[in-house]
Structures are given as structure tokens and as C-alpha cells.
Amino acid sequence: MTGPNGSGKTSLLRILCRLLPQEEGRVEWQGAEIHSLGEDFFADVTYLGHRHGVKDELTAEENLQVTAGVNGIKFDKDAIRSALVKVGLSGRESLATRILSEGQRRRVSLARLILSNTKLWLLDEILTSLDASSVLLVRSLIEEHIAGGGMAIVATHQELTLNAGQSDRLELKT
Amino acid sequence: MLSWRRRADVLSTLFFFVIVASLFPLGIGPETELLRSIAPGVVWVAALLASMLSLGRVFANDFQDGTLEQLLLTPQPLFLVVAGKVFAQWLTSEVPLVLIAPLLGLQLGLSKQTLVVLVISLLLGTPVLSLIGSIGAALTLGLRSSSVLIAILVLPLYIPVLIFGAGAVQASVLGFDPQPHLYLLGAVLVLSLIFSPWATAAALKISVE
């Protein structure tokens, strides 16, 4: 999903995950209105927004433990370790995220995607402050997710070409 | 639910409580009788103000770094998440106050029996402060000068807690039975336990929009 600033990319994504009520129309997930689905809906959805949702005081590892815990994901230390290695944070697992760089904190939230077992990913400006290799990483993460039968909606200003499954381009106008 | 690495915040609440309660004897003078009669009110008002200090933090930090959005998007009932957060706030900010209160009571000349009543009344009353305060904190998220707004919204709702809490201690000082006050305080606690997590959850949804 592309579009100029203020065209409503973030609003659309937030509507899709119920953070924002829509003014008109219906949002359906697997044939049911999303507001009627209750908390179960969130077992299918992962949303990554502008703000990383990463706690400064906790280490990368603890952050992921908390996320997995509140989302009811079964996890072990190895899964978390390997997710952090995959996003290139090996050796920094036990540093407080406060002292990591912006891009590294973004990577911590990417590791959350690896751990998640949701079907729908809503990714808002996820490529911001990431270097070229991490952009490739995001791409491969999304491709793997789609290959595994998942779905992703990505709002972005940068070019993101995917080689897996079917992809549509949605351009919003102001 | 969340571990807190910000010890400074917890300590500042505690020190605030101790300092406010200690200022009264310094300002009023060392007459034991007078101090004893104002002690219940002093300790309770200090606890009220100290808990106001910590309230702003319940959700504000989570709101800023985006953790709150993630918490809203978990497949758990939101009121449970809220109850967990409020319980953590109570444990880290209010329980230390309850623990140090007997010391302050001693300083103000309260008897041993009255100290027990003081601790019981605080144990029953401070969860109410956290629960009601969390509604105010959730409503004022992301607003400018939210701490002042929280005070205006929440302090009037604290009045019953103050009346029954300080009332119980006062009754004990005067040699009456403090139990009726404590029962009423317990009733307020049950009521706020039932209703406030829902109210806070609803307020959070509105604030995050």
C-alpha cells in the first residue's frame, strides 16, 4: 500500500486491526465482522506500527518473552535466541534496548514477527530506519509468511517487490 | 506482568510520602496530643497525594513507546490486561507506602493498636486508589498537562476512601471500634474491583484512537 503522507495508510491499517473505528463500511475477517469476533480476532493478527512497542528498560530477549507471553505463544529460550540471531542481534540479546540504535530496536520488533503465529500481518512503515540488508530480511520474512499461507498488508514509501504468492498494489490518494 | 526497571520512580513516590507526612510535625510543633489527633488525616492525605504521583506512569510510558497498542491487540480480555497492570502499579507504588506507614504513624504518636488499624485501612484503601486512578490515567493519556487533569478527575472520587480510611484510624485513636469504617472501605474496594477494570479498558480504547 503506497500513498503520499496523510493519505490514510496508517488509519486504514489501524481500522483493520480495530484500533480505530471506521466511519462507514464493514471490515470482515473470514466472513465475520471484525468487531463481532472479540479477542479471538487478535490471535490472527499482528500489527507493527510507527512506534516499536519495545520497552527501553528491558533487554531484547525480555521484550520478546513479554510479547510472546501476553499473546499466548508457547516459546522457549532457543526460539527467542534464534529469532534474534535471524534479525542480526546476536550478542546483543542481553543489552537493555535503551542503548540500541533506532534500527536495532526496529529489528527487535521484527523478531516479534518471526515468533508470531498469526495469519495476517499489518506492517506500517516498517522499512523506515532499516539498512539495505534488513530491508532484504523484511522481504524474505514476508515472502516466507506468504509462502506459508499467510497474508500481509504493508504500508510503505519504499519499493518492496515480493517474489512469492500473489501481491496487489493499492495506491491511496489524498 | 511487566518487570520494572525504573527503581527511581518507585522510590520518588515513597520519599514524597515520607516527606509530606514528616512536614506536619515540623510545621505544627511537637505537641503529642495534637499530632495524634491529626495523624490519621495526615498519613492518609499523604498517601493519596503520593499515589497521584505514580498514577501518571501507569499507562503513559506504554502509550509513548507503542507497547500499549500491542497490549490492546493481544488475544486476552482487555480488562484482565488492565487488572494486571493496575495490580503491578499497586504492588510497586502503593505497597511500599503501606509498609512504611507504621513508621510515620509512630512518629506522629499513634499507639500500637492504632498502627494495626492504619495498616489495615491502607491495605484496603490503596487498591481502590490504584483502581480509580487508573481510569483517570487512561482517560487523560496523550493529553497535555495530563497530571493536573488526573488530579482534578480523580481526587474527588478518592474522597470516600479518605473519609472511611482516615475515619477508621480516627475511631481507633479515640478508642471507638474502627470496624464499621473498615467494612465500608472493603465495600468500596469490592465495587471498584468489579467496575473499574472495565471502565479503564473502555477509556484506553478511546485514548488510543
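Predicted model: local features only at pLDDT ≥ 70, side-chain atom pairs only at ≥ 80, totals over all residues.
Local features need pLDDT of at least 70 and side-chain atom pairs count only at pLDDT 80 or more, while totals for chains, interfaces and linings use all residues. Residues are numbered from 1 along each chain as its sequence is written, and chains are lettered from A in the order in which they are written.

**View 1. Helix H7 of chain B and its kink at B:Leu155.** H7(B) covers residues 146-173; helices here are DSSP runs (H or I, at least four residues), numbered from the N terminus. Just after the helix, B:Gly175 has a positive phi of about 85°.

**View 2. Helices H2(B) and H5(B) packed together.** Residues 32-55 and 78-107 form this pair, with axes 11 Å apart and an angle of about 155°, so the two are roughly antiparallel (over 145 degrees). Contacts (C-beta atoms, placed from the backbone, within 7 Å) include B:Ala39, B:Val43 and B:Ala47 of H2(B) and B:Ser93, B:Leu97 and B:Ala101 of H5(B).

**View 3. B:Ala202 in helix H8 of chain B.** B:Ala202 has 16 other C-beta atoms within 10 Å, so it is partly exposed (between exposed, at 12 or fewer, and buried, at 20 or more). B:Phe79 sits 123 residues away in sequence but 8.7 Å away in space, C-alpha to C-alpha.

Key:
Expected span 1.5 Å × (residues − 1). Bend = angle between axes of the 7 residues up to and from the residue. Axes fitted to C-alpha atoms, helices over the stretch in contact; angles between N-to-C directions. Parallel < 35°, antiparallel > 145°, perpendicular 65-115°, else oblique. Contact = placed C-beta atoms within 7 Å.
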